[in-house]
Each structure stands twice: as structure tokens, then as C-alpha cells.
Amino acid sequence: MTLTLRPDVCATDTPDGMVLLDEVTGRYWQLNRTAALVLRSLLDGAEPPDTARALREAYPRLTAERAGTDSAAITDQLLAARLVVPR
């Protein structure tokens, strides 16, 4: 499943990751570098296994299992917060 930001969510890169603004609610979301990497991968069309691979490339000490778990958790949180939607 490929994802995209909701049309009323703005994203801005920061030195520490990314900030998302939900223009409907006015709520800000601060993403750390790991979450920002996962989101960028998803927005570029990556599937969950690809985002886990990207995490392992960025953080070589991360196990494959942990990368998969973290990637899935971040994706689930972005979906639950309704910041992203399926393309």
C-alpha cells in the first residue's frame, strides 16, 4: 500500500526530522529522524519492507526484526493520526 499526505497536511523538514501540520485541526506533529525517514520512504512509494530496509541502511546496528517493527509502528501511527492516506 502506497501512502500520501492528506491534502490538508503540510510537511516541513527540520534538522531533527520533520514537522507536520494538520491544517484542519491546527495540530502539529514533530517527527524524529527515524519517523521522518519512514514517512519520506512511504511518500516516495516504498512498501513496508522497503522502509524497514531504509532504516537498516541508515542505522546499521538495527536488527531486521526491530527495523520491521519500528517501521510498522510508525506507519500505523501516521495512519491512526489520519496524517496519511492510501494513494
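Visitor: Why is Arg40 called partly exposed?

Guide: Arg40 has a relative accessible area of 33%. Buried means under 20%, exposed means over 50%, and partly exposed lies in between (1.4 Å probe, protein chains only). A value of 33% falls in between, so Arg40 is partly exposed. Keep in mind that this is a predicted model, where local features need pLDDT of at least 70, side-chain atom pairs count only at pLDDT 80 or more, and totals for chains, interfaces and linings use all residues. Residues are numbered from 1 along each chain as its sequence is written, and side-chain values use heavy atoms, with hydrogens and water left out.

Visitor: How do you know that Arg40 forms a salt bridge with Asp13?

Guide: The closest N and O atoms of the pair are 2.7 Å apart. A salt bridge needs a side-chain nitrogen of Lys or Arg within 4 Å of a carboxyl oxygen of Asp or Glu. The value of 2.7 Å is within 4 Å, so the pair counts.

Visitor: What makes this a link between distant parts of the chain?

Guide: Arg40 is in helix H1 (residues 33-43). Asp13 is in strand E2 (residues 9-14). Helices (H or I, at least four residues) and strands (E, at least two) are DSSP runs, numbered from the N terminus.

Visitor: Is Asp13 buried or exposed?

Guide: Exposed. Its relative accessibility is 52%, and the cut-off is passed, so Asp13 counts as exposed.

Visitor: How many salt bridges does the structure hold?

Guide: Six. One of them joins Asp16 and Arg33, with the closest N and O atoms 3.5 Å apart. Asp16 sits in the loop between E2 and strand E3 (17-22), and Arg33 in helix H1, 17 residues away.

Visitor: Why is Thr51 called buried?

Guide: Its relative accessibility is 0%, so Thr51 counts as buried. Thr51 belongs to helix H2 (residues 48-58).

Visitor: What is Thr51 in contact with?

Guide: Contact means heavy atoms within 4.5 Å. Leaving aside neighbours within four places in sequence, Thr51 is in contact with Val38, Ser41, Leu42, Ala46 and Ser71.

Visitor: What makes Leu5 count as buried?

Guide: Leu5 has 17% relative accessibility, so it counts as buried. Leu5 lies in strand E1 (residues 3-5). Beyond four places in sequence, its contacts are Ala11, Leu20, Leu39, Leu43, Leu83 and Val84. Leu5 and Leu43 are 38 residues apart along the chain, yet their C-alpha atoms are separated by 7.5 Å.

Visitor: Is Leu79 buried or partly exposed?

Guide: Partly exposed, with a relative accessible area of 26%. Leu79 is in helix H3. Not counting residues up to four places away in sequence, Leu79 touches Met1, Leu3 and Val84. Leu79 and Gly26 are 53 residues apart in sequence and 17 Å apart in space, C-alpha to C-alpha.

Visitor: Where is Arg82, and what is its phi?

Guide: Arg82 is in the loop between H3 and strand E5 (84-86). Its phi is near 60°, a positive value in a residue other than glycine. Most residues other than glycine have a negative phi. Arg82 is exposed, with a relative accessible area of 56%.

Visitor: What pattern does the chain follow?

Guide: Read along the sequence, the pattern is β-β-β-β-α-α-α-β. The chain has three helices and five strands.

Visitor: How do you know that the chain is as compact as a globular protein of that length?

Guide: The radius of gyration is 12 Å, close to the 12 Å that the globule rule gives for 87 residues, so the chain is that compact. The radius is taken over C-alpha atoms, and the rule is 2.2 Å times the number of residues to the power 0.38.

Visitor: How much of the chain is buried?

Guide: Buried residues make up 36% of the 87 residues.
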